[in-house]
Amino acid sequence: MTHGVNRVRDLVLDLWTKTRIDWGFATDRLALAFRRERSLSSADRRVVAETLYGMIRQLRRIDFALDGQRFAGPAREHARYLAYRVLAGELSPAAAAGELAADWDAVARVDERIARERDPVRRLGLLRSLPDWLARRLLDDHGDEADALAAALNARAPLAVRANALKTTRAALADRLAAEGIASHPGRWAAAALVLDTRTNAFGLAAFREGLFEVQDEASQLVAELVAPPARGLVVDACAGAGGKTLALGALLANRGRLWALDVDAKKLAELTRRARRAGLSNHRAVAVPPDAYPDEVEALHGRADRVLVDAPCSGIGALRRNPEARWRLADDDIPRLQAQQLAIARRAMGLVAPGGRLVYATCTVLREENQAVVERLLRPGWEVMRIAEIWGNERAAPVADSTGSFLAMLPHRHDTDGFFAAVLYRRS
């Protein structure tokens, strides 16, 4: 093994050990490590990131493959690293044996053992490396599609960007990126989406620094489009965070109308302000709100907003491709707790909607309890679900709607996007 390979392996194992302490965001730990290890080549950085993500995604399958084999101390983590590489086809069993003595042929055949598992929940959990509670929920909510969905959640996500209509067009952005050596193609679903074919650090591009685009998954872009803000309307992003959808809504409004961005996290709103400055967004107002009530300036909007977006805090199961560690950080009893929070936020936001206006409830999860079940509990006299075909027409709505045609249901195995759900609730006049 060369010195370079040892360095990559040692960095992976260091990051792996730190990540497993609290299952914090691997993306943040990678960014910190790469700032420290500045001499790493881009190819080595890619190997480190993909290996770390792969070990997180495949932990349960890896441990099942190693079941019955004994390793002392640090050798256990080294074995996990080698098992991942054997299962990924990057390392032969013989080569793995040259590093660490074990039955690597048995490791390579683990899927044969998994296929013999009779319990469908345990079989799905082992094969796709999910905790049993999540495997059960996917089977309950998605039936025959559960395995394809789980497999897609373990795949590498495409890198999509949104052309900033305040400064450019999608076609002009594609030309500009090509001039920077970045190949791209138009997204399939969102009007301003480009998918980058060249692997790159998008945040390091001059086009990004000039505010010509934002990194944003196509499904997330579609949620902003579903809000369909009216020209010069009053729009509220009730869970704005760092502002991804706020920026998209501002571009759809062409800097006209009024756009309020609310969040409980003032630091995220400060990041939104920096992003808005780069994007050229000028019609927004960011307001930090306490978790249980709106301040007076927001209460003054009561019954006046044309559109309110509630991109609610959720389990993030639909974004496991980007944040694979979430499966190990979450527990089954987190889901009802999240639902209660989602209901509280959405019910408070409903008071801002004007008669004839709409509330768009959205999450980046694929679990029914956080999606359809929340909508069912939100509905009350004077409110009704507005089918997405009423906004986009049947031709555009059909491929991205759920089986009832009522809701936006973006799924990784169908659309190659993050998993997103959205419902439009219309307040009757």
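Modeller: Gladly! Let's begin with a definition: a residue is buried under 20% relative accessible area, exposed over 50%, and partly exposed in between (1.4 Å probe, protein chains only). This is a predicted model, where local features need pLDDT of at least 70 and side-chain atom pairs count only at pLDDT 80 or more, while totals for chains, interfaces and linings use all residues. Residues are numbered from 1 along each chain as its sequence is written, and side-chain values use heavy atoms, leaving out hydrogens and water.

Colleague: Why is Glu-210 called partly exposed?

Modeller: Its relative accessibility is 39%, and that lies between the limits of 20% and 50%, so the label is partly exposed.

Colleague: What makes Arg-176 and Glu-210 a salt bridge?

Modeller: The term asks for a side-chain nitrogen of Lys or Arg within 4 Å of a carboxyl oxygen of Asp or Glu. Here the closest N and O atoms are 2.8 Å apart, so the pair qualifies. Arg-176 sits in helix H12 (170–179) and Glu-210 in the loop between helix H13 and strand S4, so the bridge ties together parts 34 residues apart in sequence. Helices (H or I, at least four residues) and strands (E, at least two) are DSSP runs, numbered from the N terminus.

Colleague: How do you know that Glu-180 and Arg-176 form a salt bridge too?

Modeller: Their closest N and O atoms are 3.3 Å apart, so they also pass the 4 Å limit. Arg-176, at 26%, is partly exposed, and so is Glu-180, at 27%.

Colleague: Is Arg-137 buried or exposed?

Modeller: Arg-137 has 12% relative accessibility, which is under 20%, so Arg-137 counts as buried. Its side chain meets that of Glu-369 in a salt bridge (2.9 Å, N to O). This pair links distant parts of the chain, 232 residues apart: Arg-137 is in helix H10, and Glu-369 is in the loop between strand S9 and helix H20. Glu-369, at 23%, is partly exposed.

Colleague: How many salt bridges does a search of the whole structure find?

Modeller: The search finds 35.
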